[in-house]
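Good morning, colleagues. Please bring up the sequence and the model, and I shall go through selected contacts.

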Amino acid sequence: MSRTVSSWILSSARSSIILQGKGRWYSIYIPNRNKNKWKLVFSKTCPCPAGSCSLDRTFSCPKAFRHTSTEEEHFSFQLSPAQINDILRAGELSHRTLALNGRNANSVLRFESNQLASNSPMEDRRSAATCLQTAGMMFGVFDGHAGAACAQAVSERLLHYIAVSLMPRQSLQEIELAVEAMKPVRPILQWHRHPNDVEYQEITSQYFENLRVYWQHLLDLDTEPGFSLEEAMICAFKRLDSDISLEVQAPQENELMRNIALQVAFSGATACVAHIDGVHLHVANTGDCRAVLGVREEDGTWSTVPLTRDHNAYDEFEIRRLKREHPRSEEKTLFVNDRLLGILMPSRAFGDVQLKWSKELQHSILENSCDVEALNIYQYVPPNYHTPPYLTAEPEVTYHKLRSKDKFLVIASDGLWEMLSNEKVVKLVAGHLTELNMQKPPLTFKKPVNLGYMHNLLLQRKSKGLASLDQNIATHLIRHAIGSNESGEVDPEKLAAMLTLPEDLARMYRDDITVTVVYFNSETIEDYYRSH
């Protein structure tokens, strides 16, 4: 890293952060307006050791490469290309759908995903699963704030709630009978996980019991639930958020489970989930994660189709919605400094009961809890807090019927979109596809085939640069998001600097980034239209 760039980073750090004892004071200066979802005047370091509440187990940048000081003598931006790749590729996940009889009948060809932490611990989460009841596939990206607890819980639970909402009455009855008889229950989802994608093992049984209460509610309906997919997704989002709120209010003797419920409810998470079944694509979005479709037109050019809107103070529809839901006397205080009640960037989210409950309920729950300060939970009622709830988890659902020219879907947390536009992301994915295809020479075999001949073919591929190219497209996007210069090319020095920033400084320059790219099977989509 050049002396000029490193000095600029350090000087801006010193002018914006004052380190004071065990806490951190943050000044008003933030280079990117979207960097902090929750606007905290004072952020206190957690007094309890990391992991003591089983909430800090997550992938983060290896400590060997991260700094903990903004003092210049402690700074080093030197990373080898191999070290950079190790950091960028640590969270890679990919999955190709299985082909039957040599033919893949799934409209999803494969997906590739990756994450890069800025917060410590990371607050983003992701999910991917095949719904065993509908044969559809679901992909979710969850952006946490005020901690990772809510994003963790939503990533584990939301896809189950959607799957249950889609199940016919007979299937729900079969599951309920199996549970009553204490027999094994058929799996609802087949998960596709990275080894570092963790679960709250301590609270899994309670999550299952609350999911059971939900399907019992569906069985109590007089008729077949018969939800459309849009209705199922909306109902699942709202029900899970309601359960998160009720779980923390219920009496709980187990202190660990009580603490987890508190942290989940008092932190928050935005969510974007896609359900793909054949040519039917539904995207449910709450908050400011985003889903974008990459389309290859007949003339070979690429176009972008946004499938979500960012729910925040910059969206006129959200402003009008909130004004309808609250008295006219509050119109000028709903959004202050482009934040909901001057606090929160997104205007829809899971959790965040501070913006949903009455003042009296908040006080009652927190005063009867254990040391909430040790859980990084602080009772703070914003000014002009008169008619809660101000926040909702109800998603906006978009339907899109896939065409053969729809090639891929990108779902990502706002850490990516703050750095790259929709059009730039689609261009990078399209260029990556073209580059991969160009750099793969056909494997034409000359008889007889031997190991030496195969070895030479592999060497040819390596010499053409394939080995140095990111095989995972999500990694390629993250590399460009944090390392691109003004001309759009990756600057190795800038990339190294962004990866070695101290923990208390990194958050000012980049957010956690989570990306999932889903590639569609054009042949399967074309077959659908031929048969219909």
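Which residues does tyrosine 519 touch, not counting residues up to four places away in sequence? Taking contact as heavy atoms within 4.5 Å, tyrosine 519 touches Ser107, Val108, Leu109, Arg110, Glu112, Lys407, Phe408, Val429, Leu433 and Ile473.

A word on the source: this is a predicted model, in which local features need pLDDT of at least 70 and side-chain atom pairs count only at pLDDT 80 or more, while totals for chains, interfaces and linings use all residues. Residues are numbered from 1 along each chain as its sequence is written, and side-chain values use heavy atoms, with hydrogens and water left out.

Tyrosine 519 lies in strand S18, residues 513–520; strands are DSSP runs (E, at least two residues) and helices likewise (H or I, at least four), numbered from the N terminus. Its relative accessibility is 3%, so tyrosine 519 counts as buried (under 20% relative accessible area; exposed is over 50%, partly exposed in between, with a 1.4 Å probe and protein chains only).

I turn to the helices. In helix H9, residues 359–367, the buried residues are Gln362, Ile365 and Leu366. They span an arc of only 90° around the axis, which places them on the same side of H9; the arc is that of the directions from the helix axis to the C-beta atoms. Glu360 and Glu367 are exposed on the other side of H9. The cover over the buried residues of H9 includes H6 and H7.

Between those two helices, Ile244, Glu247 and Val248 in H6 meet Arg258, Ala261, Leu262, Val264 and Ala265 in H7.
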